Amino acid sequence: MLQISLWKRVVIWALVALGLAYAVPNAFYSRVEQHNDAVAEIELYGATAEREADASAWPEWAPSNLVNLGLDLRGGAHLLAEVQVADVYSARMDALWPEVRNALRGERATIGTIRRQDGPEDELRVRISEADGMPRALELVRALAQPVVSLTGVGSTDIEVAGQDDIIIVTLSDAEKLATDDRTIQQSLEIIRRRVDEVGTREPTIQRQGDTRILIQVPGIGSASELKELIGKTAKLTFHPVVSRTGDGATDPGPRNVIYPSLDEDGVFYVLEQTPTVTGEELNDAQPSFDQNGQPAVTFRFNVSGARKFCEYTGENVGQPFAIVLDSEVISAPRINEAICGGSGIITGNFDITESTNLAVLLRAGALPAELEYVEERTIGPELGQDSIDAGKVASVIAFAGVLIFMALSYGLFGIIANVALILNVGLIFGLLSMIGATLTLPGIAGIVLTIGMAVDANVLVFERIREEIKAGRGPARAIELGYEKALSAILDANITTFITALILFIMGSGPVRGFSVTLGLGILTSVFTAIFVTRLMIVIWFERRRPKALEV
Amino acid sequence: MRLRLVPAETNWDFFSKTSITFGFSALLMVASVVAFFVIGLNFGIDFRGGTTIRTESTQAVDVGGYRDALAPLNLGDVSITEVFDVNFRDDQHVSQIRIEAQEGEEAITPETMAVIQDALRGADPAITFPSVESVGPKVSGELVLTAIYAVLAAIAAVLVYIWLRFEWQFSLGAVAALVHDVVLTIGVFAVVQIKFDLAIIAALLTIVGYSLNDTVVVFDRVRENLRRYKKMDLKEVLNLSINETLSRTVMTSVTTLIALISLYILGGDVIRGFVFAMIWGVIVGTYSSVFVASAILLRLGVKRDWSKPDANAGTQFANVDA
């Protein structure tokens, strides 16, 4: 018989009410957004009258989760960066060289003289003059190996050492490379996050993708180029003693020296000692400021060890120039007038205010461990996003109206019941999207519109079935009951198969495609729920009140 | 009076002309494959790398002027198309410029982008750039593979699910219909040359889902009728099932089409290609669930009586698949 127990009714209505309650904030999007921002600010920076006013624009007890708008609807920039993890290998080899040298020095008698050879970036090649001493040399270098610190690399060491005639070849082991890559990515993620957060844009997405890639999405930023400028620089700051200044970039800098171009003066090059005196890693703080001529500049403060090194060096080299180098370019090369022991300094160059602000941000956040290569970028202007939202709204309303009218014309009262369920259904989709904090994209809107069209399917299946049962001569109550019973397997099978494709889209898709799969998948869940519980309940309630002798479906 | 798209009682024979419908489907599939290889798809940057720039201006789009402005930059293959949409304001003129991936660059560099924008501003001072998208060849290659895997994975998952819920003959019929729909959709994209990008893959998978939805509803009824009418000829069972579900099939297709057509006309140009694919898919999917999926089921036959080893009674190929 057509009976639904009271507690089931309560559960069904309660679920609907809950879903709708979560959907409501989206109808007052800007007000709730303001409220959320104000609450967050009060927590971070304390209350002000203005923030309190904004916060009270939306009641505290009401749900305040919103559907996030995707980049294509809100505007912003999307970057996919590939971290050049191999950059780190050569730095590791450079760092290893002094250790190897020290280890071999003690055994001059058997090994002879040692000299580093040029080779591939990720190899350390050392030539020994006495090839007979090779076994002893290998033994000494192998003793430098450290166990790999990672879950997968247990039991292996960080370097592999091989001998070839009179050359020792040191490389990183595969396990160590993996562990190093992982560290490099983690570090890059952290630094990119700090750099992006410094600018204070809202809700940036910064996540690892695959083995060596990082996805960066920043809503509200003007263009991907801007974002690149912000995070794109390695921002390696170093202070080097200057050997000479030259106009010829092809000059041979000599051993252990490097030649870098000047940032501001065209055609000017500096020959510098390769080993920096102090590096940006020893900075505590950097702030944009102005120099004594009123030009934009950056002031910085060293930490204790940096300050000591800088003090010692400047004290010993009064009258000599030293170079401030950023990413292999000489920003400036001032002469040391006196020992600088205050621990702070100023970088002047031909900056404008934005550049000095950005540089300060970069220096504060620290240097990236490896270079980034951008393999994908997308910029969407906020106006285009707004246009898409507007178009999507109009299209949804028209689609909605069309389906509602069509259903009412086709099924009369039952059609109207299905329509109520359809409206609830869209409300529930928004409620679920807000609850799980999903992101709504333009294809996502298309997914909702498609769901509007398809959601009626379950109801149509039931109604057609009821028609058939009536035709077969069943009474109204029995026809409704059988209609639901027999349509159930078709509803479930049809929706499960569609859900499978939505799931596959979600797993394999990215960005907008994923947004589409989320709304499609949620739409299937809510439409099955509304069709087999909500419309059924409504029909049963109607039936109990009216007790019709004959059904007209 | 109720709106009825299908008469209350239908008793149409859907399999009287299988040779014609099969021939028609086969012809279209061959045509699609030919179109795919001869004309080729108009791949978007997602799949072949490169950059698309959307321009907007209060002045009319001057395709020749833009082309002349970009010509000295030696950007390689550049395509410029004007975009029209009902939602545009009178003084809103939009175009889409596509530039192939530059030698030695993955995503476009800010320098290249600045040069391009300056050149276009020279041609039209009022021009703005509401969106710029750039995909490096490395990523686009991976996206192609992921897309192919996604479609194959979807088809495989469906094959398994239907096989579990029904019989392998149903499964083959459903998958044949899916392949039919996907091939025809790709074919139509080759012919009309709408941009084929990641969103279209999403549309393809949705078509897979939709077409399946339809097929499963028919099959569900076939399964039920096979149990009810144990002695009835398979062809009659199929015809009966399709007739019984016909009203529902048409209703759902129409409501879905109402929603999609509204989106196609009013939803803006950004997703028009995507919606086009789905409209096409709904039409083809509805057709294929009757004329491909069920027709193949009829050819394959169904094992109906589990007490005997071979009881494909009523099918001419009964002993082929025993």
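Which residue of chain B forms a salt bridge with A:Asp493? Select A:Asp493 and B:Arg223: the two form a salt bridge, and their closest N and O atoms are 3.4 Å apart. A salt bridge here is a side-chain nitrogen of Lys or Arg within 4 Å of a carboxyl oxygen of Asp or Glu.

The structure is a predicted model, in which local features need pLDDT of at least 70 and side-chain atom pairs count only at pLDDT 80 or more, while totals for chains, interfaces and linings use all residues. Residues are numbered from 1 along each chain as its sequence is written, chains are lettered from A and ligands numbered from 1 in the order in which they are written, and side-chain values use heavy atoms, with hydrogens and water left out.

**Stop 1: the domains of chain A**

Colour chain A by its domain assignment: domain 1 (6-26 + 382-546), domain 2 (86-177) and domain 3 (233-378). These bounds come from an automatic or database domain assignment. The C-alpha centres of domain 1 of chain A and domain 3 of chain A are separated by 62 Å.

**Stop 2: the interface of chain A and chain B**

Next, select the residues of each chain that are in contact with the other, contact meaning heavy atoms within 4.5 Å. Chain A contributes 66 residues and chain B 73 residues. Together the chains bury about 5,900 Å², of which 63% is on carbon and sulfur atoms. Buried area is the accessible area (1.4 Å probe) that two parts lose on being put together, summed over both. A:Phe406, A:Asp493 and A:Met508 supply 10% of the area that chain A buries against chain B, more than any other three residues.

Ten salt bridges cross the interface of chain A and chain B. Between the two chains, 22 residue pairs are in polar contact (both at pLDDT 80 or more). A polar contact is a pair of N or O atoms within 3.5 Å; within protein, one must be able to donate a hydrogen and the other to accept it, and residues adjacent in sequence count only if both atoms are side-chain atoms.

Several elements of chain A each supply at least two residues of the side that touches chain B, among them strand E2 (76-83), helix H12 (382-435) and helix H14 (476-508). Helices (H or I, at least four residues) and strands (E, at least two) are DSSP runs, numbered from the N terminus. H12(A) gives the most to this side of chain A, with 17 residues. By type, the residues of the side of chain A that touches chain B are 36 nonpolar, 13 polar and 17 charged. Ala, Val, Leu, Ile, Met, Phe, Trp, Tyr, Cys and Pro count as nonpolar, Asp, Glu, Lys and Arg as charged, and the others, Gly among them, as polar.

**Stop 3: salt bridges**

Over all chains, the whole structure holds 39 salt bridges. Select A:Arg9 and A:Glu544, whose closest N and O atoms are 2.9 Å apart in a salt bridge. A:Arg9 lies in helix H1 (residues 6-23) of chain A and A:Glu544 in helix H15 of chain A, so the pair ties together parts that are 535 residues apart in sequence. A:Arg9 is buried at 16% relative accessibility, whereas A:Glu544 is partly exposed at 32%. Buried means under 20% relative accessible area, exposed over 50%, partly exposed in between (1.4 Å probe, protein chains only).

Move to B:Lys138 and A:Glu82, a salt bridge with its closest N and O atoms 2.6 Å apart. This pair crosses between chains, from helix H5 (residues 137-165) of chain B to strand E2 of chain A. B:Lys138 is partly exposed at 34% relative accessibility, and A:Glu82 is buried at 10%.

Within chain B, the side chains of B:Arg89 and B:Glu56 meet in a salt bridge (3.6 Å, N to O). B:Arg89 lies in the loop between strand E2 (78-83) and strand E3 (93-99) of chain B and B:Glu56 in strand E1 (residues 50-57) of chain B, so the pair ties together parts that are 33 residues apart in sequence.

**Stop 4: helix H6 of chain B**

Now select helix H6 (residues 168-192) of chain B, where B:Gly173 is found. B:Gly173 is buried, at 0% relative accessibility. Beyond its neighbours within four places in sequence, B:Gly173 is in contact with B:Ala293 and B:Ile296.

B:Thr185 lies in helix H6 of chain B too, and is buried at 1% relative accessibility. A polar atom of the B:Thr185 side chain lies 2.6 Å from the backbone oxygen of B:Asp181. Not counting residues up to four places away in sequence, B:Thr185 touches B:Leu204, B:Ile207 and B:Trp280.
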